[in-house]
Amino acid sequence: MANSDERVMDLAIIGGGPAGLFAAFYAGLREMDCTIFDSLPELGGQLAALYPEKYIHDVAGFPSVRARELVDRCVQQAMRFEPGVRLEETVRHLDREGDLWRLETNKGLYRARTVIIAAGLGAFSPRRLPVDGSEQWEGKGLYYGVGNLESFRGQRVVIVGGGDSAVDWALHLLDVAESVTLVHRRDGFRAHEESVNQLRESRAVMKLFYEVRSIQGDDRIKSITIFHNKTGEEETLPADAVVASIGYLSSLGPIADWGLEFEGKQIKVNSRLETNLPGVFACGDICTYPGKIKLIACAFGEAPIAVSHAKLHIDPKARLQPAHSSEGVQ
Ligand SMILES: Cc1cc2nc3c(=O)[nH]c(=O)nc-3n(C[C@H](O)[C@H](O)[C@H](O)COP(=O)(O)OP(=O)(O)OC[C@H]3O[C@@H](n4cnc5c(N)ncnc54)[C@H](O)[C@@H]3O)c2cc1C
């Protein structure tokens, strides 16, 4: 498999939200090499996927911070010790292999001494465009995210959606695309007002109260037909690329089949954040214990506990209580 890695890592972190990111930083501090896996194309979990422009007021040290900025800071901190990062890799299977854990993703096979499941609400995947046969256009001009802006240079791009991602991508694409058209089924936006105003004043074309009827082309997309959802009027727009940004679905999916003990949709852990599987820990929204609260602040608190006990699992002689961070960070 393309991304497989023969090395055995100390720690595999499933999920790149606040819990997974802080766990990666802490693993570095405790001299454990680790890799973060996330099914999304970017790090940040719910903050990046669901509410990048929302302000958060209950993270210690930040009286008020926009979710996107908090993610940027968490990523910066997490990258300090250069963990591996595997994006768009959903961990599908977790199996025991001797003393190790074997992780199978949609792209590769990996082995780890310990695992932290920081999977939040489960793996996120983009909501597919509700158009007959839309899957056939994936890889031929239909995208569910904008990875590399340059690949859209000179193209006529149609973006579908009215949330932060749709509006932000439209704004970014204006720098490289020949044309940018935003198709949105309402005239109200979930996106940040300032960004919407910026888009309204730009050269982008906005098609409000429109939805997608069909996509046409051959080996690539050539055009898209949209309809006005009040009048039924149809219009066909020439297009080289369609970027659909109409939300995410989350699914516990494969995690439910790994032999973990659950309470509802949460993995049961003890005070060391150990699951019922040896060397497998859980932290953040995905875990539960008596008194559990689902908050970013709690995810940040749980991550060092899970990492420190993972450290002890690998090396029982290691100290549980970490040294002060000033001793581990140069
Ligand atoms: C609208 C909204 C507003 C909120 N506002 C606040 C707030 O103001 N303050 C606050 O403290 N909390 C808030 N929260 C809650 C907060 O977002 C969560 O507590 C926090 O995101 C939990 O972090 P996490 O790292 O545990 O999980 P998540 O952020 O959910 O990240 C988990 C990641 O794991 C990935 N993943 C899951 N399964 C797999 C798999 N099998 N393979 C690979 N990747 C996988 C997912 O794709 C995801 O990226 C809010 C939540 C929502 C929805």
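This is a predicted model: local features need pLDDT of at least 70, side-chain atom pairs count only at pLDDT 80 or more; totals for chains, interfaces and linings use all residues.
**Questions about strands, helices and domains**

Biologist: What makes strand 1 and strand 2 a pair?

Modeller: The two run parallel and are joined by 4 bridges; since at least two bridges are required, they count as paired. Strand 1 also pairs in the parallel sense with strand 8 (residues 109-117), over 6 bridges, and there Met9 stands opposite Ala112.

Biologist: Why is strand 1 called mostly covered?

Modeller: Of the 7 residues in strand 1 (residues 8-14), 6 are buried, where buried means that 20 or more other C-beta atoms lie within 10 Å of the residue's own. Helix 1 is likewise mostly covered, with 12 of its 12 residues buried, including Phe22, Phe25 and Tyr26.

Biologist: How do you know that the span of helix 1 agrees with its number of residues?

Modeller: At 1.5 Å a residue, its 12 residues should span 16 Å, and the end C-alpha atoms are 17 Å apart, which agrees. After helix 1 comes Glu31, whose phi is positive, near 55 degrees.

Biologist: Why can one say that the buried residues of helix 3 line one face of the helix?

Modeller: The buried residues in helix 3 (residues 67-78) are Ala67, Leu70, Val71, Cys74 and Ala78. Seen down the axis, they fall within an arc of 100 degrees, so they line one face of helix 3. An α-helix has 3.6 residues a turn, so residues three or four places apart point the same way. What covers the buried residues of helix 3 includes helix 1 (18-29) and helix 2 (45-49), together with strand 3 (55-56) and strand 4 (65-66).

Biologist: What makes strand 10 and strand 13 edge strands?

Modeller: They belong to an open sheet of 5 strands, whose order is 10-17-11-12-13 and whose pairing is parallel. Strand 10 (142-143) and strand 13 (205-208) each pair on one side only, and that makes them the edge strands. Further in, strand 11 (residues 156-160) pairs with strand 17 (residues 241-244) over 4 bridges, and the bridge partner of Val158 in strand 17 is Val242. Strand 11 is also joined to strand 12 by 5 bridges, with Leu182 as the bridge partner of Ile159. Strand 12 and strand 13 run parallel, joined by 4 bridges, and the chain crosses between them through helix 5 (residues 193-200) in a right-handed β-α-β crossover.

Biologist: Is Asn148 buried or exposed, and how do you know?

Modeller: Asn148, in the loop between strand 10 and strand 11, has 8 other C-beta atoms within 10 Å; a residue is exposed at 12 or fewer, and therefore Asn148 is exposed. Asn148 and Ala306 lie 158 residues apart in sequence and 35 Å apart in space, C-alpha to C-alpha.

Biologist: Into which domains is the protein chain divided?

Modeller: Domain 1 takes in 8-125 + 249-328 and domain 2 takes in 128-246, bounds that come from an automatic or database domain assignment. The centres of domain 1 and domain 2, taken over C-alpha atoms, are separated by 34 Å.

Terms used
Residues are numbered from 1 along each chain as its sequence is written. The arc is that of the directions from the helix axis to the C-beta atoms. Two residues are in contact if their C-beta atoms, placed from the backbone, lie within 7 Å. The expected span of a helix is 1.5 Å times one less than its number of residues. A crossover is right-handed if, with the strands pointing away from the viewer, the path from the first strand over the helix to the second runs clockwise.
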